[in-house]
Amino acid sequence: MPIVRDILESTPDGSIASINCFILKRVTALLKIDCRFILSSEVDVEDCSGDDRLVKLCKTISPGASYLSGNGGAKYQDKNKFLEAGLGFKYLIFVHPIYRQNIETFMPGRSILDAFFHIGIDGARK
């Protein structure tokens with residue numbers, strides 16, 4: 001797929017984090033997802049960790065917003081810390097969309113590139 005080749009060929013050298021950020025920005029642009037990306041390293045949260053770090057990030061970036069957590073976070077996150085800080089807190093219940101793959105049984109959890117190759121960018125966008 002020429003678009004994927006273009007992304008990979010234009011990926012800058014650097015840390016895995018910077019490469020990942022570059023690819024995420026390109027993929028969200030292809031999918032026409034309007035995002036604002038902020039690196040946590042650009043926010044003053046050095047003095048805390050875990051839930052306290054997430055609360056501080058949320059309050060700094062978007063006071064009064066809600067934190068959206070994967071449902072696996074229920075095992076280790078303290079929802080009350082967010083609520084006490086005046087933030088909302090919700091769990092994402094992700095239902096993987098099923099699309100045509102070149103295998104007999106659908107295999108979820110693959111990269112967005114899998115969807116690009118099997119159903120194209122427009123199909124992945126839907």
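Visitor: What counts as a salt bridge here?
Guide: A salt bridge is a side-chain nitrogen of Lys or Arg within 4 Å of a carboxyl oxygen of Asp or Glu. This is a predicted model, in which local features need pLDDT of at least 70 and side-chain atom pairs count only at pLDDT 80 or more, while totals for chains, interfaces and linings use all residues. Residues are numbered from 1 along each chain as its sequence is written, and side-chain values use heavy atoms, with hydrogens and water left out.

Visitor: OK, how many salt bridges are found in the whole structure?
Guide: The search of the whole structure gives 5 salt bridges, one of which joins the side chains of R26 and D6 at 2.6 Å, N to O.

Visitor: And where do R26 and D6 lie?
Guide: R26 belongs to helix 2 (residues 16–30) and D6 to helix 1 (residues 2–10), so this pair ties together parts that are 20 residues apart in sequence; helices are DSSP runs of H or I with at least four residues, numbered from the N terminus.

Visitor: Switching to K56, which residue does its side chain meet in a salt bridge?
Guide: The K56 side chain meets that of D47, at 3.0 Å from N to O.

Visitor: Is D47 buried or exposed?
Guide: D47 is exposed, at 62% relative accessible area, whereas K56 is partly exposed at 27%; buried means under 20%, exposed over 50% and partly exposed in between, using a 1.4 Å probe and protein chains only.

Visitor: What separates D122 and R125?
Guide: They are 3 residues apart in helix 5 (residues 112–125), or about one helical turn, and their side chains form a salt bridge at 2.6 Å, N to O.

Technical notes. Helix = DSSP H or I, 4+ residues; strand = E, 2+ residues; numbered from the N terminus.
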